[in-house]
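Keep the 3D view open while you read.

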Amino acid sequence: MNDPKAFRFVGSRSIRPDGVEKVTGRAQYGADLSLPGMLTGKIVRSTRAHARIRHIDVTQAMSLPGVLAVITGDDFPDLERRMLPMGEQQMDVRDFIDNTMARGKVLYHGHAVAAVAAVSPDIAAQAAELIKVEYEPLPVVMDLDAALAPQATLLHEDQVTLTMQGPVENPVPTNVAFYMPLKKGDIDTGFAAAEVVLENTYTTKTVHQGYIEPHACVADAKQGGRIDIWCSTQGPFLVRTLTALALEKPVSDIKVTPSEIGGGFGGKLAVYLEPVAALLSMRSGRPVKLVMSREEVLRATGPTSATRTRVKVGAKKDGTLTAVQAKLEFEAGAFKGSPVVPAVMTMLAAYELDHVLVEGYDIVVNKPKVAAYRAPGAPQAAFAIESILDELAGELGIDPIDLRLKNAVSEGSMAVYGPQFKAIGLKEALQAVKTHPVYADPVGPNQGRGVALGFWFNVGMQSSAAVRLNENGSATVITGNPDIGGSRASMALMAAEELGIPAEQVQAVVGNTETIGYCDVTGGSRTTFATGMAVIEAARDAVARLCERAALTWDVPVEQVSWAHGQAIHIAGDHAPLSLDEITANAIHTGGPIAGAAQVNAQDAGPGFGVQCARVQVDPETGYTRVIGYVAAQDVGKAIHPSYVEGQLQGGVAQGIGWTLNEEYIYDADGVLLNAGFLDYRVPVASDLPMIDTILVEVPHPSHPYGVRGVGETPIVPPLAAMANAIAAASGVRMRDLPISPPRLYQAITAQGA
Amino acid sequence: MPVIHLPAELRSLADGQARVELPGERIRDLLAALYERFPDLEKPISNRMAVAIDGTIVNHPLNERLSERSEVHVLTRIAGG
């Protein structure tokens, strides 16, 4: 099926099934559900970035008329510290509870300390004001230098540095939670062979995913102990697991129904509200709605890490890389678990290298615990390596794409993090960008272009799918993955391909945790790959049933029946074909309803490689950077629905441009976020961006029946360096610290001129 | 005989070895042999690692077949956003 010509429906641009509901405002998002008797929940958040909680007085709040429940951290279980496998992620259950609601200490400004449920939003707000928290302030640790200082204030007095093997030798309490080295060859030998060596440091700031829809949920605790939850999430089964953990209930007592989701980008893999709403509902006996404000989202949900990367590159004069050494320091926020491990592993994945030493450090600071953000850790690592390679290309007088082509991995290469690559399209993507006008056309005054690569592993994991055939020959496909980027359309296309009916006759449905079997999260660029694989298998299962019914109808052995173009075919030709709708209409006479199902634990997700080129114009009198052209090429395996694949590339680029040019958390000396709103935390808007051209390179992934490989994360990996490289070319100033905002760039240009 | 390659961070638990040749027709047999020789490897590999068998990444290895020339790489399991 990897032959593109073999597809009838896959690869077409079918109408998005949920599109009309969304553009007309009828789609139901997390905050849209209301239930009879529902209460409003409100979370009380820390006014300190680091402090011991001496006392919380809730008596006045509890006595306020209209208040039905008040909870604090003491109402959650005191769980033993252990790592909980959450699909591909691991989570310390104690940290999860402590982040849901602080106990003993608050670790960032905005950390939840209590919650109320009341009959109206006004009363809930009033009750929240009446909760008195007595703090013992502690020094704040707001950046890497403060966290790593010899006498640094510790966030967690019992934290020592762990490695993959366990604690380091002679462990002492520290803000460094984890250390990971990646070694290959001998780094000294590699640098001894170099004719040119460059070394620099690159930094990035704390940035947020910037999803439009704030976190929201409704929880309804029933008599008898069951709890229904509706929420905006990337993982309803993850919400079920963590809520069950926090409430010490079996998962079978909890049903989670995902709403439509207004963006997540990894940020809605984290769970904040649902255990709180559920506990308030249990205490009050009424449904409870909790909705975050934008300010709460920015203050208290997980952004991605601020980072510092020191990188040293050795090369021959012909551009052959001989060695790379790097030290990556990632802020984790208040609890361990920054994406430094994938940063270490992805940083050099695109290059053939014999001698490598990359070391990663996971470091806690008094900021919100970081959450996943598209290709977690990879953009920051790529910013460093792709910037210094651009500098190396300049030093050697080599075209930056040629430098990368000289060193790029291809099929059969050993990735520095371990495995051997199968078929990949990195070099094809490099060649595609090289001939694109954004790269190839001449540049004007104050203009420049910049190139960068990106890599992401992609993941598979567990998915379930059901395909149910209706009596009119249409089909319903149920999966458990919230539709973030057009997955309904993709699932419908894949089922249509197998069933042989148009995608318009396939209704794709996102189920809840009781209507479909277990599905891991919509994340890791896994949904079209892994859940799509389950859909294909479920549809094939349904086709097998259809062939059995045709055989029964014709009274022939099923081996004499095949399926093509939506029809059962009698191979010998003694019977006229039976169409899908004829078989389903007659199902009552052949055994009843017809359906298929599949459960997979998809392995071997194909890695994604992307190449991007930015073209910018810098105003030297203001430092303002205008993006005047952009092209993103990526090996996507097989684009099931090209429009949504292109959209993934464009979305990743847009976020990466924002990350490069403007976005950053700005804190005061006390650890209070000063720009907790979209007026001051500036994400790019449409008028900031040019048309982002896309090139879909399709090198089929051999481990997927249609050749699919994950797409959604790789596109955010290259933009930081592509933009910085373009700005360097346009302005003559190399910016190694993000964001490259107008005042910073203006200052750098002015300093260089002086 | 299949070869299992260990990442730098685990080599100290295997007498500093980067590659170990061990018998096994299935990945579970190979890992069992590895753990028998180096018991300290079992916990970190079981809890945090995946394997790549001849280039195919398997997060939860069980009965995947090996050949006499199979190359197995141990690597960290990957998260995503």
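Start with helix H16(A), which has 28 residues and runs 39 Å from its first C-alpha to its last, close to the 40 Å expected at 1.5 Å a residue. Keep in mind that what you're looking at is a predicted model.

Which helix packs against H16(A) at an angle of about 35 degrees? That's H15(A), residues 487-499 of chain A, while H16(A) itself covers residues 527-554. H15(A) passes H16(A) in a right-handed crossing. On the H15(A) side, the contact uses Ser487(A), Ser490(A), Met491(A), Met494(A), Ala495(A), Glu498(A) and Leu499(A). H16(A) answers with a list of its own, including Thr527(A), Gly532(A), Val535(A), Ile536(A) and Arg540(A).

Now hop over to another pair in chain A: helix H11(A), residues 378-396, and helix H19(A), residues 719-731. This crossing is right-handed. Here Pro379(A), Ala382(A), Phe383(A), Glu386(A), Ser387(A) and Asp390(A) of H11(A) meet Leu720(A), Ala721(A), Ala724(A) and Asn725(A) of H19(A).

Here are the two pairs in one place:

| Helix pair | Axes | Angle | Contact residues by class |
|---|---|---|---|
| H15(A) and H16(A) | 9 Å apart | about 35 degrees | 9 nonpolar, 5 polar, 2 charged |
| H11(A) and H19(A) | within 7 Å | roughly 35 degrees | 6 nonpolar, 2 polar, 2 charged |

Next, zoom out to where the chains touch. How many residues of chain A are in contact with chain B? The count is 38 residues of chain A, against 24 residues of chain B. Strand S11(A), residues 176-184, and helix H10(A), residues 340-346, each supply at least two residues to chain A's side. S11(A) gives the most, with 4 residues. Sorted by class, the side of chain A that touches chain B has 19 nonpolar, 12 polar and 7 charged residues.

Finally, a word on the predictor's own scores. Chain B averages a pLDDT of 90, and 96% of its residues score at least 70. For the complex, the predictor gives an ipTM of 0.88 and a pTM of 0.96.

Notes. Residues numbered from 1 in each chain as written. Chains lettered and ligands numbered in written order. Predicted model: local features only at pLDDT ≥ 70, side-chain atom pairs only at ≥ 80, totals over all residues. Axes fitted to C-alpha atoms, helices over the stretch in contact; angles between N-to-C directions. Left-handed = near helix turned anticlockwise from the far one by under 90°. Contact = placed C-beta atoms within 7 Å. Nonpolar A, V, L, I, M, F, W, Y, C, P; charged D, E, K, R; others polar. Expected span 1.5 Å × (residues − 1). pLDDT = per-residue confidence, 0-100.
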